[in-house]
Amino acid sequence: MEKITKNNVIIPSNIWGSFDIVDNQIYFWRVGNCNIWLKREEDNIYIKWFYSNSNNKIDNENIVPDDEGWSHYVIKGKSESIELSPAMPDRSLVIKVKRPFYLPPGIKKRIYIDVPLWICISTVGNNKAKLVEIPSFILSNTWFGTPIEGQVCYWLMSEVNFGIEEYSHIPYMATCPVTLKNISNENLLVKKFLIPVENSVLFIHNNELWSDEILISYKGQNDVSFVECKGHVLKEFIGAKKICEPRKKQTNKRFVRTFDSFIVKNFFNIPLNR
Amino acid sequence: MDIFYNLKMVQIYSFLKILVIIIIGFFALLWITKITRKTVEKKFSAQMGLIVSKIILYTGLFILLTTVLRELGFKLTTLLGAAGVVGIAIGFAAQTSVSNIISGFFLIAEKPFEVNDVITVAGKTGVVLSIDMLSIKLRTFDNKFIRIPNETLIKNELINITKFPIRRVDIPIGIAYKEDIEKVRDILLGIAKNEPLCLNEPEPVVVVVGFGNSSVDLLLLVWALKDDWFKLKNILIEEIKKRFDEEGIEIPFPHVSVYTGSVTQPFPVEIISNNKNKVGGNMGEIK
């Protein structure tokens with residue numbers, strides 16, 4: 001494993017995989033917006049993470065955070081290695097398409113969306129234990145449903161890619177192929193839709209992370225859509241390896257409203273109640 | 001001797017029979033009550049299970065009691081007659097309790113709230129601890145215990161704060177008349193957008209409510225999960241104050257402007273010093 005050493009901090013060149021760790025040495029990873037410091041002292045592991053934003057960047061990994069804010073994990077035995085592995089988000093994503101487009105009736109189109117991954121930090125070996133799972137980006141919450149019922153999801157404003165050929169992958173994102181099928185009699189305006197990534201499987205192919213294919217069939221504005229996580233990677237990717245099971249198994253195909261969030265024009269009851 | 005012996009045997013036999021009825025009946029009743037409660041709890045709710053089990057228990061005890069009394073030789077018709085009279089007397093005395101019990105049944109049927117919901121009723125707010133035959137029990141946020149009769153719940157307006165999964169946070173803000181409303185709107189929406197607890201949808205909105213005596217009144221409306229409501233409100237108010245201070249946006253105190261009759265004329269003021277010498281200038285006496 002190639003690594004860079006800057007003063008006291010070791011910075012592994014990869015973000016995913018197993019890493020040998022020694023006592024009293026601090027390790028640093030930057031995964032998306034998430035900056036992670038880790039150190040081991042005998043059978044204690046200390047981890048601290050910090051999210052950068054435009055106002056608050058970590059430019060110098062050597063500036064190790066203060067003792068406050070370290071999460072302390074007492075593990076069984078002394079673990080010589082730590083593993084950082086990717087996982088899909090723990091909730092569905094509402095994708096807000098930056099450039100909406102129409103899908104006429106009868107048309108089927110596959111699009112590709114980058115989904116930020118979660119980082120799962122575990123010990124390796126006989127006493128394997130998951131220590132913590134943190135997102136690589138802090139995604140904001142959104143509500144998908146009516147004021148009376150629905151589900152809380154993550155909000156992601158995203159470009160939509162239509163072709164796979166010129167796709168450049170980002171190591172801390174999984175590419176999610178979504179096949180949209182308009183089986184109604186009306187035009188479908190694709191500007192916002194929900195994808196149940198918690199039911200998705202994660203694969204690796206040529207060092208690129210892919211989720212399984214998600215199929216969404218649109219039946220019309222007054223009807224529910226049909227959403228299915230296929231469970232397998234695209235057929236083009238021969239030899240892809242499954243690296244993460246879905247968080248929640250999809251037992252049967254879901255019928256949900258995926259293209260709007262039930263939010264009708266009079267969602268806000270104005271005049272207002274103080 | 002034989003007669004006395006036979007009589008004694010009959011008495012012992014009756015006594016044993018009654019004892020067996022009581023023991024078996026009581027334990028059978030407890031077992032049936034327990035099974036019924038578990039079954040109803042699984043299928044419906046804990047409070048329904050409790051109510052049904054109590055009905056079965058009291059009914060069973062009544063049947064057991066009448067059986068024992070019959071074995072002891074009491075005539076049930078006479079007893080029922082006496083019970084009827086007593087019942088009327090108790091009925092008058094227990095009107096409120098009966099009303100509470102009946103109100104309890106209506107509450108169970110309507111289901112306006114459940115255990116662990118936060119409700120406001122008759123001016124009291126708290127977490128529902130239990131829903132019983134005669135009353136409900138609340139725990140207030142400062143840890144007081146409140147017992148509210150069911151009748152009060154039926155008669156009064158009840159607000160269930162946690163019935164729905166999301167709630168709106170309304171933050172009233174007054175800004176000085178000199179401020180740019182569009183600029184303030186952008187700042188407020190930016191604060192809402194950057195706060196993770198604030199839901200992206202339904203979208204945050206800033207509404208101009210009106211022109212107050214001292215300020216232009218705005219209202220920031222954001223939505224949050226019900227568990228985050230209180231925390232988000234605090235965070236937003238602090239963040240708004242901080243940003244307004246940074247941007248130099250004035251939140252005015254309530255104030256009144258006084259004119260002498262013409263906006264263009266200065267208001268005449270005279271400052272009188274301690275030694276009562278008048279200070280010159282465009283001043284007059286303050287009266």
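How many bridges join β6(B) to strand β8 of chain B? In this predicted model, strand β6 (residues 166–175) and strand β8 (residues 216–225) of chain B run antiparallel and are joined by 10 bridges. Within this pairing, Pro172(B) has Leu219(B) of β8(B) as its bridge partner. Strand β6 of chain B is mostly covered, since 8 of its 10 residues are buried.

Chain B also contains helix α2, which comprises 26 residues and extends over residues 46–71. At 1.5 Å a residue, a helix of this length should span 38 Å, and the end C-alpha atoms of α2(B) lie 37 Å apart, which agrees with that expectation. The buried residues of α2(B) include Gln47(B), Gly49(B), Leu50(B), Ile51(B) and Ser53(B), together with Gly60(B), Leu64(B) and Val68(B). An α-helix has 3.6 residues a turn, so residues three or four places apart point the same way. Just after α2(B), Gly73(B) adopts a positive phi of about 100°.

In chain A, 4 strands form an open sheet, in which the order is β3-β8-β11-β12 and the pairing is antiparallel. The edges of this sheet are formed by β3 (17–20) and β12 (130–135) of chain A, each of which pairs on one side only. Neighbouring strands of the sheet are turned against each other by 20° on average, with direction ignored. At one end of this order, strand β11 (residues 118–123) of chain A pairs with β12(A) in the antiparallel sense over 5 bridges, and Ile121(A) has Val132(A) as its bridge partner in β12(A).

Technical notes: Residues numbered from 1 in each chain as written. Chains lettered and ligands numbered in written order. Predicted model: local features only at pLDDT ≥ 70, side-chain atom pairs only at ≥ 80, totals over all residues. Heavy atoms only, no water. Pairing = 2+ DSSP bridges. Helix = DSSP H or I, 4+ residues; strand = E, 2+ residues; numbered from the N terminus. Axes fitted to C-alpha atoms, helices over the stretch in contact; angles between N-to-C directions. Expected span 1.5 Å × (residues − 1). Buried < 20%, exposed > 50% of the residue type's maximum accessible area, 1.4 Å probe, protein only.
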